[in-house]
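Here are my notes on the ligand site. Please read them with the model open.

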Amino acid sequence: MFYRLCTFNKGLLIPGRGLTQGSQDPKEQGPLHIHEVRVKLREIVGASTNWRDHVKAVEERKLLHGFLAKSQEGLPPRRMKDSYTEVLLPLGGQPELREKYLTVQNTVRFGRILEDLDSLGVLICYKHSKIQAAQRSPLSIVTALVDKIDMCKKSISPEQDIKFSGHVSWVGKTSMEVKMQMLQLHGDEYTPVLGATFVMVARDSENKGPAFVNPLLIESPEEEELFAQGELNKGRRIAFSSTSLLKVAPSAEERTTIHEMFLNTLDSKTISFRSRVLPPNAVWMEDSKLKSLLVCHPQERNIFNRIFGGFLMRKAYELAWATACSFGGSRPFVVAVDDIMFQKPVEVGSLLFLSSQVCFTQDNYIQVRVHSEVASLQSKEHTTTNVFHFTFMSEKEVPLVFPKTYGESMLYLDGKRHFNSWAPVNLMTKNYLVEP
Ligand SMILES: CCCCCCCCCCCCCCCCCC(=O)SCCNC(=O)CCNC(=O)[C@H](O)C(C)(C)COP(=O)(O)OP(=O)(O)OC[C@H]1O[C@@H](n2cnc3c(N)ncnc32)[C@H](O)[C@@H]1OP(=O)(O)O
């Protein structure tokens with residue numbers, strides 16, 4: 001068994017090396033309380049507290065257009081440490097917080113952590129792009145991508161304090177990469193739980209078009225390395241998307257894999273391409289599906305009156321977990337999250353259809369894909385908003401999953417690509433942390 005290699009200590013600047021929180025704002029010393037993150041976001045954007053006031057809040061935000069930069073060069077460069085932020089989730093010191101985070105197995109709900117990471121990532125980007133002259137930010141910063149989350153612990157205790165930290169690690173013209181890590185207190189020491197890389201995109205005050213963000217000032221070889229990693233990540237994403245199975249045919253090796261699987265399912269008693277039987281210890285992909293429907297109420301809105309990205313991730317994660325649980329027949333543990341793309345915003349009031357299925361398995365690992373689409377109450381037209389990829393580890397070996405159709409074969413290969421994008425490194429090094 002293996003976990004993703006926790007490389008994020010290399011990928012995040014360490015406090016104590018000239019890195020302190022809120023270096024732009026002397027009032028901010030020490031970690032923020034988790035509740036303060038959303039309060040601050042609301043203040044920065046000027047979000048309405050009552051849904052009935054949201055139109056007025058949008059109108060007020062239009063007035064901030066004048067603060068938007070005409071070019072990136074017109075914005076002052078910022079250091080990585082300017083956006084560095086620490087947040088405390090005091091599950092140990094404030095037991096009343098635990099309820100919201102608790103699973104029935106007495107661990108922390110990972111879906112809640114996804115929500116906290118999303119809010120923190122956005123706050124970090126607002127710190128990076130803070131305009132001293134304006135009380136409110138003219139930018140609407142949205143989550144575009146969860147590039148990856150590396151887990152290095154099987155489960156998280158609901159009884160010990162948790163600390164999040166992070167900073168902007170790369171910027172483009174209108175996009176920012178944020179690296180975050182989560183640590184948990186054991187004895188008197190914080191130990192790593194996960195590392196996360198998100199990409200956020202800045203939009204204008206009304207969230208209608210792109211908006212420039214401050215360039216990044218590189219101050220040390222360590223930061224140089226982080227920035228270069230951000231460039232590499234961008235290149236990798238472009239390469240991954242240009243070879244997407246939605247655009248180009250599978251490789252020769254992948255075609256062979258699919259054909260061999262197809263041959264394995266042919267009934268040897270009938271000489272027919274149509275007569276298909278499952279090999280032992282295997283499940284048809286179509287039988288691994290779970291679906292859910294959500295009505296998107298105002299309660300789940302973000303500061304821009306769209307549905308909060310963290311909420312979408314929590315719902316998708318919980319469906320994926322249930323899919324892995326029912327498929328594997330034992331308790332699954334998340335080991336990796338990658339490539340969650342937020343293609344389209346989800347409007348308050350829409351119907352959100354989530355569809356989850358196992359698309360690849362190996363030993364006791366289950367790769368689950370969740371596809372989400374929205375439809376308005378008035379129109380029957382469905383639009384894809386997100387695709388989520390989660391890797392789970394089951395307590396025991398799981399069945400193989402077999403595609404029946406060509407479309408399912410592509411899902412299988414895509415799942416295999418996602419699994420292989422991290423698994424070989426971990427298999428080779430075995431350099432992971434075990435649960436303390
Ligand atoms: C009590 C009541 C309270 C009141 C309310 C307040 C409630 C409080 C509770 C809320 C909690 C706080 C939450 C705050 C968090 C908000 C975050 C969200 O939820 S957000 C919700 C969830 N998220 C959403 O809804 C977002 C939905 N998606 C979209 O809107 C669009 O797809 C897009 C804007 C992300 C990109 O649009 P597109 O037309 O493609 O844009 P362009 O071609 O113009 O490129 C612009 C830049 O983007 C780059 N880039 C693009 N894609 C990617 C990618 N995949 N990967 C990487 N990069 C990507 C691209 O390279 C370029 O970079 P650069 O070269 O300029 O540097």
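1. A word on classes before the counts. Ala, Val, Leu, Ile, Met, Phe, Trp, Tyr, Cys and Pro count as nonpolar. Asp, Glu, Lys and Arg count as charged, and the others, Gly among them, as polar. By that scheme, the shell around the ligand has 13 nonpolar, nine polar and eight charged residues. Keep in mind that this is a predicted model.

2. Which residues come nearest to the ligand? They are Ser48, Lys173, Thr174, Ser175 and Phe342, out of 30 residues around the ligand.

3. Lys173 has a backbone N or O atom 2.8 Å from an oxygen atom of the ligand. For Gly309, a backbone N or O atom also lies 2.8 Å from a ligand oxygen atom. At Thr143, a polar backbone atom is 3.0 Å from a nitrogen atom of the ligand. On its own, the ligand has 1400 Å² of accessible area, and the protein covers 76% of that.

4. Next, the secondary structure. Two helices, H1 (34-45) and H5 (221-242), each supply at least two residues of the shell around the ligand. S4 gives the most, with four residues.

5. Now the setting. The ligand sits in the second largest pocket. Why does the ligand lie between domain 1 (34-243) and domain 2 (252-422)? Because both domains give residues to the shell around the ligand.

Terms used: Residues numbered from 1 in each chain as written. Predicted model: local features only at pLDDT ≥ 70, side-chain atom pairs only at ≥ 80, totals over all residues. Heavy atoms only, no water. Near = heavy atom within 4 Å. Polar contact = N/O pair within 3.5 Å; in protein donor to acceptor, adjacent residues only side chain to side chain. Areas by Shrake-Rupley, 256 points an atom, 1.4 Å probe, with all protein chains shown as cover. 1 Å grid on protein atoms, 1.4 Å probe; cavity = no way out; pocket = protein on both sides within 12 Å on 5 of 7 lines; lining within 4 Å. Sits in = over half its atoms within 2 Å of the grid points. Domains from an automatic or database assignment.
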